[in-house]
Amino acid sequence: MTQIRPLHIDDAAACDAVIASLPYFFGDPDGVRQCAEAVRTQRGFVAVAEGGIAGFITLEQHQPGSAEISWLAVQSGHRRGGIGRQLVDAAAELLAAEGARALFVMTLGPSVPEDDRDGDNYEGTRRFYRANGFVPLRELQLRDWNDGFALILVRPLRGDDS
């Protein structure tokens with residue numbers, strides 16, 4: 001049974017261990033540093049399974065009415081078991097209750113070639129987000145972002161116009 005609860009500063013080292021288990025996705029030292037900072041300074045949730053942290057999500061609010069998933073990771077041995085979905089849903093529920101209308105994420109864009117890796121790659125990441133209610137919005141070429149192409153995906157949080 002997986003428990004989803006708010007992220008606490010005491011969870012930071014366990015979150016660092018989660019990203020260490022995912023060298024393909026967290027191989028850039030700058031990204032590792034930025035993620036480590038986020039789990040220490042941003043709000044979010046952790047997934048606790050088998051007595052330890054199995055995954056986490058961090059959120060950053062740039063504008064009123066929306067929030068970004070700044071980081072989402074599930075430990076390699078716990079992937080594809082629903083933990084990522086639970087973390088995204090917990091974030092979406094919290095943000096909707098606070099009045100936010102959209103949750104968005106940026107991930108590696110499809111213009112960047114990569115190996116199949118049995119589906120454990122960024123195409124798999126993009127499929128995950130689409131399966132969790134996110135709609136691709138736009139791919140941007142950014143000089144200072146990862147390999148230069150970021151895909152923005154958005155999940156609406158409320159259906160009304162208020």
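Guide: A disulfide is taken here to be a pair of cysteine sulfur atoms within 2.5 Å, and that cut-off is needed for what follows. The model is a predicted one, and the part to look at is helix α2, which covers residues 29-41. This helix has 13 residues and reaches 18 Å from its first C-alpha to its last, close to the 18 Å expected at 1.5 Å a residue.

Along α2, the buried residues are Gly31, Cys35, Ala36, Ala38 and Val39. When the helix is seen down its axis, these buried residues fall within an arc of 160°, so they line one face of α2. On the other side of the helix, Pro29 and Thr41 are exposed. The cover over the buried residues of α2 includes helix α1 (12-20), together with strands β3 (52-63) and β4 (66-74).

A search of the whole structure finds zero disulfides. For Cys15, the closest cysteine sulfur is that of Cys35, and because the two sulfurs are 7.5 Å apart, they are too far from each other for a bond. As for accessibility, Cys15 counts as buried, because its relative accessibility is 1%, and Cys35 counts as buried at a relative accessibility of 1%.

Technical notes: Residues numbered from 1 in each chain as written. Predicted model: local features only at pLDDT ≥ 70, side-chain atom pairs only at ≥ 80, totals over all residues. Heavy atoms only, no water. Helix = DSSP H or I, 4+ residues; strand = E, 2+ residues; numbered from the N terminus. Expected span 1.5 Å × (residues − 1). Buried < 20%, exposed > 50% of the residue type's maximum accessible area, 1.4 Å probe, protein only. Arc of directions from axis to C-beta. Contact = heavy atoms within 4.5 Å.
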